[in-house]
Amino acid sequence: MQFNEDLLRKVIEEVMAEVAAPAAAAAPAKTIVTEGTVSKIKWTPLGNAKRGTDPREVVVALPPAFGDQFQKTIIDVPHAEVLRQVFAGIEEEGCNYRVIKVYHTADVAFIAHAGAKLSGSGIGIGILSRGTSVIHQRELAPLANLELFPQCPLLDAEVFRQIGKNAAKYAKGENPVPVPTRNDPMARPRYQGFAALLHNKEASYLDRGKAPVEFTVEIA
Amino acid sequence: MAEKKRSKRFETLEQRPVHKDGFTGEWVDVGLIAMGSPNDPIPSIKIAGGKVVEMDGIKREDFNMNEQFVADYAIDLEMAPKAMAMSEKEIAHKLVDINVPRTECTKIMQGLTPAKIARVMDCLNIAEIILAMQKMRTRQTPGTQAHITSATDNPVMLVADAAEGALRGFTEMETTVAVVRYAPLNALSLLIGAQVGRPGTLTQCALEEAFELQIGMRGLTAYAETISVYGTENVFIDGDDTPWSKAFLASCYASRGLKMRFTSGTGSEVQMGAAEGKSMLYLEVLCIMITKGAGVQGLQNGSISCIGVPGAVPSGLRAIAAENLVTVALDMEVASGNDQTFSHSDLRRTARTMPQFFAGTDYIFSGYSGTPNYDNMFAGSNWDIEDQDDYLALQRDFKVDGGNRPVTEDETVAVRNRAARALQAVYEEFGFPPITDEEVEQATYANGSKDIKPRNVPEDLKAAEKLLKEGITGVDVVKALAKRGYNDIAEKVLMMLKQRVSGDYLQTSAWVTKDGYVWSAVNDPNEYAGPMTGYQLSPERWEEIKNIPWAVRPEDI
Amino acid sequence: MAELNEQLIAEMVRQVLKGMASAPAASGASAPASSGGKVTAKDYPLGTNRKDMIKTPTGKTLDDLTLDAVMKDSATFKDFSITPQALELQAQVAESAGRRQIAMNMRRAAELTAIPDERVLEMYNALRPHRSTFDELIAIADELQNKYNAKTCAAHVREAADVYKRRKLLRGDRPES
């Protein structure tokens, strides 16, 4: 728990600092390179996200702070690694991906559903900075899902690859075996208070009036 | 650098399970505080022209949707001036005073604003909350509810565990899914299993709100519970509803003859990142009052899935007991949580349950895990089936009716087997993927899904789709059971469907006996007024609780 | 008491017949109340104590709903539904037990019994945040009022439309909706 306490303190300090001195207006959109622990993510905004036409695409939808103010999940999987695995899973199935950031909500189901609605295949994946993920389909109600991975402390690199693979299979109209659900009843007592702090931080980067933006993502 | 010399005492303490729990300090600005945030509003009310024009310092034109709904539907305007004029301490005294009848207290409480109620709760210590709960509980007879889920959504395990759960005395049972598309099959397993174990047991399947209603309409479930409400507007929107959509949904359920309660809990707003600096309990009081205003008979609260949040901050467990109390003090049924893992420490998780256990609530647990926690798809309950003998011992130790009964291995194995056989027959009738004799045998003797071979998931999911597409209803289940000679089970599933016609179980805090008779707060109101009043264990029930099978009987020595 | 019951029964029968004749409009929602005879908490549970007053939508009694009847298809799934009359009676029970909001919910529910499952689900979904424009919600309110005689529910939806407008919860009030 030593690590978590440190991180927790850091998060609190950061947020308190922001509360004390509200950030100036965000810099105009340009390519931002963020440095993770093992690799870099290069984000290039392409403007407001549009509905795709490629029937073999999966849209990966992320909150604003993903791979930016946050660099890793609650169990320290670097965001660059998360994306690498998800992209690889999608490509292994012969499908394509597009990446968007969703600014108006920090709810993973709504983020994923926003992705699904913009996806040419109608399939989207939503991933929160702490790791919580959903595979979604355009026709479903926002809080329904194809597959939900609610316990972020159990999601490792391998699971993210399977999430990418299965999303691609749904895009192709297949009926895959769902990614085996992991369940650790003791994840909540250990992580939930901490997850709440992370989520408040995640939500602090929202811009509820801003439409989703598409990005190209390069992982160095 | 020399390592700091460590105390062996402190090193030992750090190895204890409680040190694996997450504890955090209060963080007022984001609402990471259990009770009494300095940002909570100051109680006030102004009424003009038959409307609330100001509540808790907020003017009507500035009300967010929650505040408007509460002001217009949850406050008794006749009572409000008198009730708001009382001091918080005076109201708190009345709640614990055995000489003030419950009915007087509920009237006063219904004249209060959210901020006032939150402050009344802050006057009570935990022992007083327990006393008040005993008096204010809506139905006189306490009860309890189980979770029945499977990590692999195995239908045979679900039907067997449902039968066993009903046999053990749970009056309601709730399932959910690992894979959402399994839902109709899980609901089917619970419907059948429950009626094998103890006819009359109500079952439900927790899902996305609209889908939950759909399978209820089909007669595959008898009630619903995970109809969530939230204390701040932003979080409510993230939950994809408003008080008006939820109130409409409540009417939809009643219009189809289905029992339902809402769900809320301290910590959900801060967990979802939009508590606006308000205390968890103040926001929860808004949720409770929205439920009241919507005309819903009851509420599941006690933090529920966000328990790790109040559980991590000071006075959090007291706030949880207080939110249960507010629910019953506003004259609604409470299903009082204890349904989610909350601590690595057995001491702490037991202590968390004792206030509701000692006081008795309408449903002490809104999900005691009827399976091992590794199979619990609500991410684990505070107590699971492997704790059941501890629970039975506690009932006996304290002479408390916690809603469970000791069972023998033989009768348990028998109901598990019968339920699995019945489901096997129904699957065959419906043309679903077969349940083999081997699976029936495994489920009969299993502890959890690790003891049974995996099923062909894509094939099962096709069956689930077929069930929905072909419009299979509860009546089709009755027919399938009867066709295969399971007439007694068919009769009981039919008995549950008939509840939808009279609607008696739509009243506050209802449960159904094995003969289909309905008890609720209407015909079993809590009349506690001090020692030797209110709910008393019958001699038969006390005999049952006393007779745990593993106790040494003096006459045998 | 006996006389009163007979009156009530007579009124119920009249209302059921009227309801059947003028289907699909829900006409009988407030029937027993208007007859002047009310049930109270003392009559509860109605399915046991007032079997005489509880009917299925096709006019069957609870005792008619046997396994035999189900197997012969003389009782179908449609019979296992609550009627507006039964909901009104339950509203009266709730009211007499001091629970006015529950009574109101039961009365809204009585109005909704006339609406098909799919439509009622659509209406619920339309009431969710950022799903409908103001005019779409008003159209639903009109439909509730004119097509289904669901006055309480119509008022509920109209009120929601006003609140959603004020709080920016209509479709188009959010970038992505």
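# Chat about chain B

Me: Is B:Phe432 buried or exposed, and why?
Reply: B:Phe432 counts as buried because it has 22 C-beta neighbours inside 10 Å. Buried means 20 or more other C-beta atoms within 10 Å of its own, with C-beta atoms placed from the backbone; 12 or fewer is exposed, and in between is partly exposed.

Me: What sort of model and numbering is this?
Reply: It is a predicted model, where local features need pLDDT of at least 70, side-chain atom pairs count only at pLDDT 80 or more, and totals for chains, interfaces and linings use all residues. Residues are numbered from 1 along each chain as its sequence is written, while chains are lettered from A and ligands numbered from 1 in the order in which they are written.

Me: Where is the place of B:Phe432?
Reply: It lies in the loop between helix 18 (409-430) and helix 19 (437-445) of chain B. Helices are DSSP runs (H or I, at least four residues), as are strands (E, at least two), numbered from the N terminus.

Me: What is B:Phe432 in contact with, leaving aside neighbours within four places in sequence?
Reply: B:Tyr427 and B:Ala463. Contact means C-beta atoms, placed from the backbone, within 7 Å.

Me: New topic. At what angle do helix 10 and helix 12 of chain B pack?
Reply: About 10°, with the axes of helix 10 (residues 209-217) and helix 12 (residues 243-255) 10 Å apart. Axes are lines fitted to C-alpha atoms, for helices over the stretch in contact, and angles run from 0 to 180 degrees between N-to-C directions. The two helices of chain B are therefore roughly parallel, a label for angles under 35 degrees.

Me: Which residues meet there?
Reply: B:Glu209, B:Leu213 and B:Gly216 of helix 10 meet B:Leu249, B:Cys252 and B:Tyr253 of helix 12.

Me: And the sheet: what order do its strands take?
Reply: The four strands of this open sheet in chain B run 7-8-9-10, with parallel pairing. Strands pair if DSSP finds at least two bridges between them.

Me: Which strands stand at the edges?
Reply: Strand 7 (223-228) and strand 10 (333-335) of chain B. Each has a single partner strand, so one side of each is left without a neighbour in the sheet.

Me: What stands opposite B:Phe262?
Reply: B:Leu299, in strand 9 of chain B.

Me: Last one. How many residues of chain B are in contact with chain C?
Reply: 56 residues of chain B, in contact with 49 of chain C. Helix 12 of chain B gives the largest share of chain B's side, 10 residues.

Terms used:
Parallel < 35°, antiparallel > 145°, perpendicular 65-115°, else oblique. Contact = placed C-beta atoms within 7 Å.
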